[in-house]
Structures are given as structure tokens and as C-alpha cells.
Amino acid sequence: MKCPNCRGEMTSKKGNYLYEESGLRYVTLQNVVVSNCGQCGEQTVAIPKIEELHRVIAQAIIKKKERLSAEEARFLRKCLGWSGKDFAEHMGVTQETVSRWENGKEPMGPVADRLLRLILAQQQPVDSYSVDLLREVGQANKKQSRMEIIADTAGWRVKAA
């Protein structure tokens, strides 16, 4: 495989990749093909079934107990295929409010946080999402934990913490 940057030869192997392109700085993809250029240092990754990957990430996000971060709110909005205007209309807020949520200038309130999770749970199948879990959402203000996503022959899955 040739480097898209310098046309040098790239070496490929399975490994881990910090998936910052998702907009989330804590998602690590495991067991994916990562290619590196020995000449210029360019790195590329092959991400199979990207729509499934995004569904898995979204499901993991809506199941967490901590409030949604600005990056997570933006990721979930994009997973739904909504513009900022669409998101504002669905949430019953102004576009400016959505902008403040997604830029981290104002935290999403607990009611809006729960509503977004429920919308995603309804739009995409979730293994189990009880009302008890909803009651716990936003109660804890813990430090953000790492998320590791593994690619295997069955597709994408979240690595158990």
C-alpha cells in the first residue's frame, strides 16, 4: 500500500487506534488494520462497518450514568442525522442553546440529557435500557472514563470495563 501523503511504502498490522475523528477523544478502536508510512509518518486506519460502529458507540454513550459531555451531545445529534436546527426543534430549545451545549459553554440539563438518550434508544435498538438507569443519569459527576471498541468477525462491540 502506498502512502497517500508521500507515496512511500506503508506497513499494515492489526492494532489499536484512537478514533478522534468521531469527535470523541476517548474512543479506542481495537483490532483494526493500522497502516504506517516509514518515510513521512502518515498513519491510516481501515474502519469496517462504520455505521454499525457509530451505533455501538451511541448505545454505550446513552447507557452511561454521567451527564452527556458537549462532544457526546454533538456525536449523538450527528448519529441521528440532525442539523443543529433539527436538534433544537426536537429538544424544544433554541439553536443558540444547542450551540452552547455542543461548545461546552453550558451543560445540557438533566431533562434534555434524558430526552436525547430516550430519542436515541427509540431510534436504535438497545440491549437493555431501564427506567431505573434513567433515574441515575446525571446524578454522578465522575471523570470521563475511556471507551474501547473492538472490531472482530462479528462486528463492533464495547470492551467490558
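## Burial and the overall fold

A residue counts as buried when its relative accessible area is under 20%. In this predicted model, F87 has a relative accessible area of 0%, and is therefore buried. By the same cut-off, 39% of the 161 residues of the protein chain count as buried.

The protein chain holds six helices and five strands. Along the sequence these elements follow the pattern β-β-β-α-α-α-α-α-α-β-β. Among the contacts that join residues at least 6 apart in sequence, 59% link residues at least 24 apart.

## The aromatic cluster

Which residues form the aromatic cluster? W82, F87 and W101 make up one cluster, and the count of aromatic pairs comes to two. In one of them, W82 and F87 are tilted, with ring centres 6.1 Å apart and 35 degrees between the planes.

## Packing of α3 against α5

F87 also takes part in the contact between α3 and α5. The axes of helix α3 (residues 84–91) and helix α5 (residues 110–123) come within 11 Å and cross at roughly 105 degrees. That angle makes α3 roughly perpendicular to α5, because crossing angles of 65 to 115 degrees fall in that class.

From α3, the contact is made by F87, H90 and M91; from α5, by A112, L115, L116 and I119. By class, six of the contact residues are nonpolar, one is polar and none is charged.

## The buried face of α4

W101 is one of the buried residues of α4, together with T97, V98 and E102. How are these residues placed around the helix? Seen down the axis of α4, they fall within an arc of 130 degrees, so they line one face of the helix. In general, an α-helix has 3.6 residues a turn, so residues three or four places apart point the same way.

The cover over the buried residues of α4 includes α2 (70–79), α3 and α5. Just after α4, G104 takes a positive phi of about 75 degrees.

## The buried residues of α2

In α2 the buried residues are A70, E72, A73, F75, L76 and R77. Among them are two residues of the charged class, E72 and R77. What covers the buried residues of α2 includes α1 (50–63), α3, α4 and α5.

A positive phi is also found just after α2, where G81 takes a value of about 80 degrees.

Conventions:
Residues numbered from 1 in each chain as written. Predicted model: local features only at pLDDT ≥ 70, side-chain atom pairs only at ≥ 80, totals over all residues. Heavy atoms only, no water. Axes fitted to C-alpha atoms, helices over the stretch in contact; angles between N-to-C directions. Helix = DSSP H or I, 4+ residues; strand = E, 2+ residues; numbered from the N terminus. Parallel < 35°, antiparallel > 145°, perpendicular 65-115°, else oblique. Contact = heavy atoms within 4.5 Å. Phe/Tyr/Trp six-rings, centres within 6.5 Å; stacked < 30°, edge-to-face > 60°. Buried < 20%, exposed > 50% of the residue type's maximum accessible area, 1.4 Å probe, protein only. Arc of directions from axis to C-beta.
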